Amino acid sequence: MLADAERLLSLIWGDRLARQVLVVMLGMTLAIILVFVLSGIWDDRLALAEIVHRNFHLSRDLSLAENFNHGLGFVTAFLLLASALTVRSRAFWFLTMLYGFVWLDDSARYHERFAKKLGHALDLPARFGLEPQDFGELLAWSIAAAVLAVVFLWSWAGRRRGDSGVLLLISPCFALLVFCGVVIDMMHKWVPGSLNTLFQVIEDGGEMIAVTLSAALALGILRHVEAYYAGFEAPSG
């Protein structure tokens with residue numbers, strides 16, 4: 001499994017275009033985060049800085065940063081779908097659904113909207129510094145995770161050689177996304193206002209970096225997916 005992931009990573013890292021795309025995409029993501037942080041230093045003193053800070057805000061709906069992240073999520077799901085159609089692997093169908101949900105959750109605000117309905121329907125409590133909305137979000141994510149777990153089990157039951165390497169290679173990107181989007185998001189509720197900007201950078205900036213890495217990795221995988229799986233086929237003769 002680890003050897004398969006290393007072989008796939010070697011194919012991707014040896015691709016000059018894949019490396020260049022990674023550098024450009026990661027550079028753009030880091031630039032957006034940096035502009036948000038720097039403009040926030042003067043946003044209460046300069047009108048231009050306030051406008052820039054508002055439009056590059058990592059947490060504000062329909063900001064440039066959020067729309068950029070929506071686009072990256074869609075691109076990731078689309079590239080994984082292309083790999084699924086290329087090699088017909090169940091692992092890629094699962095990953096397409098996984099990142100399709102990431103895009104849907106981010107762009108349509110699934111967990112926020114569903115959490116509000118769950119909070120009212122189930123009369124969720126406010127405990128441990130968390131509001132009913134927070135518990136609703138955790139429940140909404142749990143429901144989505146249960147559905148995706150079923151798809152994962154289906155893909156794992158019908159896995160082919162090489163699938164585990166693909167899943168292992170992508171898993172750190174998704175783990176970072178979950179850590180920032182769920183764990184840090186819940187921790188954010190408990191921190192004082194003086195640390196708000198720091199946690200926005202860690203939470204939303206971390207999510208952006210995770211999706212950026214996922215998109216670049218999905219492109220590299222698509223470019224080499226046939227060669228990767230061909231390496232597991234028995235030689236003829």
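The model is a predicted one, so to speak of local features a pLDDT of at least 70 is needed, side-chain atom pairs count only at pLDDT 80 or more, and totals for chains, interfaces and linings use all residues. Residues are numbered from 1 along each chain as its sequence is written, and side-chain values use heavy atoms, with hydrogens and water left out.

The protein chain has nine helices and zero strands, where helices (H or I, at least four residues) and strands (E, at least two) are DSSP runs numbered from the N terminus. Along the sequence the pattern reads α-α-α-α-α-α-α-α-α. Along the principal axes, the C-alpha atoms fill a box of roughly 75 × 45 × 25 Å.

Now for the pockets. On a 1 Å grid over the protein atoms alone, a pocket is an open set of points where a 1.4 Å probe fits, with protein on both sides within 12 Å along at least five of seven lines; lining residues have an atom within 4 Å of a point. The largest pocket holds about 1000 Å³ of space, the volume being the space filled by probe spheres set on the points, which are joined across faces, edges and corners. Its lining runs to 42 residues, with Asp105, His111, Trp141, Gly181 and Glu207 nearest the centre. Two or more lining residues come from each of α4 (64–87), α5 (90–108), α6 (110–122), α7 (132–157), α8 (163–188) and α9 (196–230), and α8 gives the most, with ten. By class, the lining has 22 nonpolar, nine polar and eleven charged residues; here Ala, Val, Leu, Ile, Met, Phe, Trp, Tyr, Cys and Pro count as nonpolar, Asp, Glu, Lys and Arg as charged, and the others, Gly among them, as polar.

The second largest pocket has about 200 Å³ of space. Helices α1 (2–13), α2 (16–42), α8 and α9 each give two or more residues to its lining, which splits into ten nonpolar, no polar and one charged. Among the lining residues are Trp13, Arg19 and Cys173.

Out on the surface, Leu34, Leu38, Ile41, Trp42 and Leu46 make up a nonpolar patch with about 470 Å² of accessible area together. Patch members have over 30% relative accessible area and no salt bridge, and nonpolar side chains are joined within 5 Å; areas come from the Shrake-Rupley method with a 1.4 Å probe. Leu34 sits in helix α2.

As for contacts, there are three salt bridges, meaning a side-chain nitrogen of Lys or Arg within 4 Å of a carboxyl oxygen of Asp or Glu. One joins Asp15 and Arg223 (2.5 Å, N to O). This pair links distant parts of the chain, 208 residues apart: Asp15 is in the loop between α1 and α2, Arg223 in helix α9.

Conventions
Patch = residues over 30% accessible without salt bridge, like charges linked within 9 Å, V, L, I, M, F, W, Y side chains within 5 Å.
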